Amino acid sequence: MKRILFTLSLCAMAGCEGAKQDMYDQPRYKTYAPSALFEDGASVRPPVAGTEPRARGAFADSSGGRAGTDLVRRDALAEDAQANPYPVDMALLKRGQDRYMIYCMPCHSPAGDGDGLVVRRGFPAPPTYHQDRLRNAPDRHIYDVIRNGYGVMAPYGDRVEPADRWAIVAFIRALQLSQHADAASLPPDVRAHLGAQR
């Protein structure tokens with residue numbers, strides 16, 4: 001009799017597991033699906049204010065969050081800066097040029113005039129970097145546009161790291177200077193070389 005009761009209780013518990021499968025298959029949103037539950041209409045929620053990332057990089061998960069914390073600290077400093085926090089040297093400009101050619105050139109063109117190959121195929125033209133409004137804009141504005149997007153430009157914050165965004169900003173400033181340099185500010189030997197070419 002005890003065996004029969006034990007067997008029945010096991011069957012009953014197994015039945016409960018099957019009946020409560022809805023605990024495992026709960027309703028959820030697909031990534032970026034709209035939601036009427038929140039005011040902004042998005043199901044994806046931003047991190048809670050004050051959330052601190054633990055680590056970043058290929059080995060961050062395997063080390064209990066200890067590896068990669070220096071990258072998180074570097075990203076946080078770059079993210080909080082209002083102007084370029086890195087010294088503008090050839091290494092930064094080369095990195096900025098490399099990232100610009102990958103992410104920006106298809107629309108903005110190699111010269112930054114907004115006549116890239118994508119634009120020539122019908123995509124709306126971005127503004128030229130050589131207009132007064134963007135030459136006088138603070139570095140942080142360009143950084144924020146790279147991170148958040150602007151108009152029809154998609155945000156690149158998920159693809160371009162904060163340090164690389166500042167490198168792109170430095171390269172854009174070099175592009176602007178290449179088209180609008182004041183001849184009086186150039187060294188005498190460069191002015192002489194330019195005068196000989198004319």
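## Aromatic pairs

W166 is buried at 0% relative accessibility (buried means under 20% relative accessible area, exposed over 50%, partly exposed in between, with a 1.4 Å probe and protein chains only). This is a predicted model, in which local features need pLDDT of at least 70 and side-chain atom pairs count only at pLDDT 80 or more, while totals for chains, interfaces and linings use all residues. Residues are numbered from 1 along each chain as its sequence is written, and side-chain values use heavy atoms, leaving out hydrogens and water.

The whole structure holds four aromatic pairs. Rings of Phe, Tyr and Trp (its six-membered ring) pair if their centres lie within 6.5 Å; planes under 30 degrees apart count as stacked, over 60 as edge-to-face and the rest as tilted. One of the pairs is Y100 with F171, tilted, at 5.2 Å centre to centre and 55° between the planes. Y100 sits in helix α3 (residues 90-103) and F171 in helix α8, so this pair ties together parts 71 residues apart in sequence. Helices are DSSP runs (H or I, at least four residues), numbered from the N terminus. Y100 is buried, with a relative accessible area of 0%. F171 is buried too, at 10%. Y143 and W166 are stacked, because their ring centres are 4.5 Å apart and their planes lie at 20°. Ring pairs also link Y100, Y129 and F171 into a cluster.

## Packing of α2 and α8

Helix α2 (residues 69-80) packs against helix α8 (residues 162-180) at about 40°, with the axes 8 Å apart. That makes α2 oblique to α8. Angles under 35 degrees count as roughly parallel, over 145 as roughly antiparallel, 65 to 115 as roughly perpendicular and the rest as oblique. Axes are lines fitted to C-alpha atoms, for helices over the stretch in contact, and angles run from 0 to 180 degrees between N-to-C directions.

From α2, R74, D75, A78 and E79 meet P162, A163, R165 and W166 of α8. Contact means heavy atoms within 4.5 Å.

## H130 and A111

H130 lies in the loop between α5 (117-120) and α6 (132-135). H130 is buried, at 13% relative accessibility. Its side chain reaches the backbone oxygen of A111 at 2.7 Å. Beyond residues up to four places away in sequence, H130 touches A111, G112, D113, R135, L175, Q176, Q179 and H180.

A111 is in the loop between α4 (105-108) and α5. A111 is partly exposed, with a relative accessible area of 30%. Leaving aside neighbours within four places in sequence, A111 contacts H130 and L175. The C-alpha atoms of A111 and I172 are 9.3 Å apart, across 61 residues of chain.

Key:
Helices (H or I, at least four residues) and strands (E, at least two) are DSSP runs, numbered from the N terminus. A polar contact is a pair of N or O atoms within 3.5 Å; within protein, one must be able to donate a hydrogen and the other to accept it, and residues adjacent in sequence count only if both atoms are side-chain atoms.
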